[in-house]
Amino acid sequence: MAAPAHGGLSPAPRLLPLGDAAWTVEFGAAIDAALHARVLALEAAVRAAQASGAPPWDAVQDVVPTLRSLTVHYDPLAGDGLALGQALLQLAQQAGAAPPRGRRWTLPACFDAALAPDLAALAARQGLSSAEVVEQLLSMELRVYQIGFMPGFPYMGGVPPALQVPRLPTPRKAVPAGSIALAGAMAAVYPWESPGGWHLVGRTPAPLWDLRRDPPALLASGDAVRWRAIDAAEYERLRQAAQRGALDVAAWCETPAEAAA
């Protein structure tokens, strides 16, 4: 079900059923900041409506933003799912496009060859030196579009065209935790060791997922991320501190969570 474009925003949002206990509002097929701003605007509006406790929003159980859509999970025994769908579509027409919101992070990153196994090959492929690739990595600001693939895994946009490369033809069986990775127009960080087919260009000691935190995920949709270069010795010191739970990750956040809400 699609709604007419509202307020000059296009394409029009589409309402899609996701089983019998969730609705997805889709804003388009592209991956870009404008569509994601609409996702964030609707997320904020749905959370505000949920907090009111009024029907049909009292049935909402979870709200999940993605790159280009918002999924709302609800209890079908606690409310009218069809009414919730209609209310969602109407809210999507009214929500507009909020400016990017979220926290701003400057995270440490090491680009030593031992921790960046694809850096030299990516640089050669793009006609750059490794130092030029690192310079671009340090100058770009990434925007977290969604958390997915595994808990805490951030899909981030903002990779410049000069660093956009396809996935590896053969994925690795094991990508080390903290690996900074590139594929297409996206960047990511692997929260823990797992298979993966992205190009590994550095590593961060920042713990992307830690059950000792609330919430466990360091990053959230709408956050902005920049890198600060560190050497291998500093990387190892911070990595060991993270394992002990002795890192103050809040020191890397320029905007406190309460101010970004």
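Predicted model: local features only at pLDDT ≥ 70, side-chain atom pairs only at ≥ 80, totals over all residues.
On one side, S2, residues 22-26, is joined to S1 by four bridges, and the two run antiparallel. Arg14 has Glu26 in S2 as its bridge partner, and Pro17 is partnered by Trp23 in S2. The hairpin of S1 and S2 has four residues between the strands, and in this hairpin Gly19 takes a positive phi near 70 degrees. S2 is also joined to strand S4, residues 69-74, by five bridges, again in an antiparallel arrangement. Here Thr24 finds its bridge partner in Thr71 of S4.

I turn next to strand S13, residues 224-230. Strand S5, residues 104-110, pairs with S13 in the parallel sense over seven bridges. Within that pairing, Leu107 has Trp227 of S13 as its bridge partner. S13 also pairs with S6, in the antiparallel sense and over two bridges. Arg143 stands opposite Ala224 in S13.

Strand S6 contains Gln146. Is Gln146 buried or exposed? With a relative accessible area of 15%, Gln146 is buried, because the cut-off for buried is under 20%. The C-alpha atoms of Gln146 and Gly85 are separated by 22 Å, and these two residues are 61 residues apart along the chain.

The next topic is the aromatic rings. A pair of aromatic rings is described by the distance of the centres and the angle of the planes. How many aromatic pairs does the structure hold? It holds five. In one of them, Phe153 and Tyr190, the ring centres are 5.2 Å apart and the planes stand at 85 degrees, so the pair is edge-to-face. The cut-off behind that word is an angle over 60 degrees. Phe153 lies in the loop between strand S6 (142-147) and strand S7 (154-157), and Tyr190 lies in the loop between strand S10 (186-189) and strand S11 (194-196), so the pair ties together parts that are 37 residues apart in sequence. Both Phe153 and Tyr190 are buried.

These two residues also belong to one aromatic cluster, formed by Phe149, Phe153, Tyr155, Tyr190 and Trp198. Let us look at Phe149, which is found in the loop between S6 and S7. Is Phe149 buried or exposed? Phe149 counts as exposed, because its relative accessibility is 55% and the cut-off is over 50%.

Phe149 leads us to the backbone. Most residues other than glycine have a negative phi, and most peptide bonds are trans. Phe149, however, has a positive phi, near 70 degrees, in a residue other than glycine. There are also cis peptide bonds to point out. One joins Pro55 and Pro56, with omega at about 0 degrees, and Pro56 has its place in the loop between helix H1 (33-52) and S3. Another cis bond joins Asp214 and Pro215, where omega is also about 0 degrees. Pro215 sits in the loop between strand S12 (199-203) and S13.

Rolling a probe the size of a water molecule over the atoms shows where empty space is left. The second largest pocket has a volume of about 280 Å³. Which of its 20 lining residues are closest to its centre? They are Ala177, Pro191, Pro205, Ala206 and Pro207. Helix H5, residues 232-244, supplies the largest share of this lining, with four residues. By kind, the lining of the second largest pocket divides into 13 nonpolar, three polar and four charged residues.

How values were computed:
Residues numbered from 1 in each chain as written. Heavy atoms only, no water. 1 Å grid on protein atoms, 1.4 Å probe; cavity = no way out; pocket = protein on both sides within 12 Å on 5 of 7 lines; lining within 4 Å. Points joined across faces, edges and corners; volume = space filled by probe spheres on them. Nonpolar A, V, L, I, M, F, W, Y, C, P; charged D, E, K, R; others polar. Phe/Tyr/Trp six-rings, centres within 6.5 Å; stacked < 30°, edge-to-face > 60°. Buried < 20%, exposed > 50% of the residue type's maximum accessible area, 1.4 Å probe, protein only. Pairing = 2+ DSSP bridges.
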